[in-house]
Amino acid sequence: GRLPSILDNRLGIAMAKRVYKISREFLNSARWRRVFEAGARPQDLLWASTGTKNHQVSDVLYVTTLVSPFTIITIPEATLNALSHHDELGPVMTIDGGDCEVDLTQIAQAGIDIDALGAQLQRDGLKAFENSWN
């Protein structure tokens with residue numbers, strides 16, 4: 001509720017695009033090629049929790065925007081069923097991150113401390129996994 005409506009539902013997608021861009025840059029680097037030639041294999045990025053919680057946006061928003069090579073998408077059953085009713089997935093995510101930096105800049109300018117939010121989400125996620133484990 002702290003973002004202008006034009007930026008709603010864009011932070012997670014922008015961060016995913018940034019992560020994808022950084023991952024692809026690394027996998028295209030001379031450093032990676034050396035370890036690949038020595039037998040290392042890349043690990044695909046995993047996009048999880050792709051179900052849409054906000055009922056005011058597309059029920060397949062995250063799945064259709066995160067489609068990209070060298071990634072794995074976990075899809076909740078309801079989202080998979082919804083996806084079967086759509087004609088196409090949409091464009092594949094580009095390796096340059098697309099408009100992610102523009103979105104992240106606008107979100108920061110709107111007063112969201114992205115680094116602090118990321119740290120909090122990591123703490124919350126770790127706690128949720130610990131609770132589930134216990």
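Hi everyone, let's start with the pocket lining: in the largest pocket, α1 gives the largest share, 7 residues. This is a predicted model, where local features need pLDDT of at least 70, side-chain atom pairs count only at pLDDT 80 or more, and totals for chains, interfaces and linings use all residues. Residues are numbered from 1 along each chain as its sequence is written, and side-chain values use heavy atoms, with hydrogens and water left out.

A pocket here is an open set of points on a 1 Å grid over the protein atoms alone, where a 1.4 Å probe fits, with protein on both sides within 12 Å along at least five of seven lines; lining residues have an atom within 4 Å of a point. Helices are DSSP runs of H or I, at least four residues, and strands are runs of E, at least two.

Leu11, Gly12, Ile13, Met15 and Leu121 are the closest to its centre among the 30 lining residues. Two or more residues each come from α1 (11-27), β1 (45-47), α3 (61-66) and α6.

On to the second largest pocket, at about 200 Å³. Of its 15 lining residues, Ile13, Lys17, Thr64, Thr65 and Pro91 are the closest to the centre. Here α3 gives the largest share, 3 residues.

Last, helix α6 covers residues 114-133 and reaches 28 Å from first C-alpha to last, close to the 28 Å expected from 1.5 Å times one less than its number of residues.

Conventions. Grid points are joined across faces, edges and corners, and a volume is the space filled by probe spheres set on the points.
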